[in-house]
Amino acid sequence: MSPLTNAHTHLELTDLAHLCPTKPVSFVSWMGRLAWNLRKRSNTQVQASIEHGIAELQVCGTTHVGDITQTWLSVEPLMTSGLQGVVYLEVIGYNKNKAFKRLEQAKIEIGRARRHPNYGAVQVGLSLHAPYSCHPDLLRAGAEWCRAEDVPLCIHTAESPAETKFLLSGKLPFVKGPVASLVKMLLALPASVPGLRPIPYLAQLGVLAARPLLVHAVHVTGDDIGLIAKAGCAVVHCPRSNDRLSCGRMPLERYLAAGVRVYLGTDSRASSPDLDVRAEAEFAQRLHADLVESQKIAQLIHQPFGIDLFRS
Ligand SMILES: [Zn+2]
């Protein structure tokens, strides 16, 4: 059977489909609404959401998945689901003490998962949320540990125009209403503004050396793509989420020309109408119609996703 890979999901957000915009909205205000909705979820609600997400993936015929879990609750259900792929435990934050404590917990949890009797088909990795939401020392230390321990790493990056602007200038996007304080909290200013675009910033911190899976990677220059190709990182293209969150068009043709491995992912139901990666491919075919052959895009969803991702 040919693999069918959805390389980017957040299964624990499946039951937040009401947050999925029907027309393009600002990424930052959407993120604020998401954070607002995540404040008071019980583990029971999260577990139900994960089960619904796994069921939807299976109905779509998915064989391989790349899932990010901020609660870390999707590890066990994915390991026993029959699906293959990688589940990434997410760590986030600018408070260095708190973030490092969480990183240490993640290392223990990943070690425990690796000793699980069902370990193998589903690998367990680390997600460092994004360059704008993690302390630079966390990015550096997390990536270094993944590289040394051969643990798969994932990071959202170069997703919105606001991210690049923030890393270059330290300027926060203007958001009003009840989500404003949450956005400010999420985008707490780092000690010093890196003054670099997302990809060169990750390269400078040594993060690219761990060959992270780069999710979105929309706002990139030719030089950025060169850095990604040289490091041997794969990227995940989520065109429907990018469209609904006003994140722009990822230059798929330039990645393919540079020999970068590209996967497709739906992202979560909070920014995607479904978890069907075939629908993602159809959208991508329309989006890149003049620049990338349809057949090439169709092939992207039939690559397996797992151990071969981070070991050459
Ligand atoms: Zn995501």
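Here is a short chat about a predicted model and some of its local features.

Q: Hi! What kind of model is this?
A: Hello! This one is a predicted model.

Q: Is H8 buried or exposed?
A: H8 is buried, at a relative accessible area of 1%. H10 counts as buried too, with 12% relative accessibility.

Q: Why does 12% make H10 buried?
A: Because buried means under 20% relative accessible area, and H10 has 12%.

Q: New topic: where does S160 lie?
A: Look in the loop between β5 (153–157) and α6 (161–169). S160 has a relative accessible area of 2% and is buried.

Q: What does S160 touch there?
A: Leaving out residues up to four places away in sequence, S160 touches F27, H219 and C247.

Q: Where do F27 and W30 sit relative to each other in helix α1?
A: They are three residues apart in α1, which spans residues 27–38, so about one helical turn separates them. Both F27 and W30 are buried.

Q: And what about Y263 and F305, what kind of pair do they form?
A: Y263 and F305 form an edge-to-face pair, with centres 5.1 Å apart and planes at 85 degrees. Y263 belongs to strand β8 (residues 262–264), while F305 is in the segment after α13 (294–300), so this pair ties together parts that are 42 residues apart in sequence.

Q: Let's switch to helices. How is a pair of packed helices described?
A: By the angle between the two axes and the distance between them.

Q: Then what are the values for α8 and α9?
A: The axes of α8 (residues 198–205) and α9 (residues 222–231) come within 9 Å and cross at roughly 40 degrees. Their crossing is left-handed.

Q: Which residues meet there?
A: From α8 you have I199, P200 and A203, and from α9 they meet D224, L227 and I228. Five of the residues in this contact are nonpolar, none is polar and one is charged.

Q: Last topic, the backbone. What is the phi of R211?
A: R211 is not a glycine, yet its phi is positive, about 50 degrees. You can find R211 in the loop between α8 and β6 (213–216).

Q: Is R211 buried, exposed or partly exposed?
A: R211 is partly exposed, with a relative accessible area of 22%.

Q: And what about the phi of A217?
A: A217 also has a positive phi, about 45 degrees, although it is not a glycine. A217 lies in the loop between β6 and α9, and at 0% relative accessibility A217 counts as buried.

Key: Residues are numbered from 1 along each chain as its sequence is written. This is a predicted model: local features need pLDDT of at least 70, side-chain atom pairs count only at pLDDT 80 or more; totals for chains, interfaces and linings use all residues. Side-chain values use heavy atoms; hydrogens and water are left out. Buried means under 20% relative accessible area, exposed over 50%, partly exposed in between (1.4 Å probe, protein chains only). Helices (H or I, at least four residues) and strands (E, at least two) are DSSP runs, numbered from the N terminus. Contact means heavy atoms within 4.5 Å. Axes are lines fitted to C-alpha atoms, for helices over the stretch in contact, and angles run from 0 to 180 degrees between N-to-C directions. A crossing is left-handed if the near helix is turned anticlockwise from the far one by less than a right angle, and right-handed if clockwise. Ala, Val, Leu, Ile, Met, Phe, Trp, Tyr, Cys and Pro count as nonpolar, Asp, Glu, Lys and Arg as charged, and the others, Gly among them, as polar. Rings of Phe, Tyr and Trp (its six-membered ring) pair if their centres lie within 6.5 Å; planes under 30 degrees apart count as stacked, over 60 as edge-to-face and the rest as tilted.
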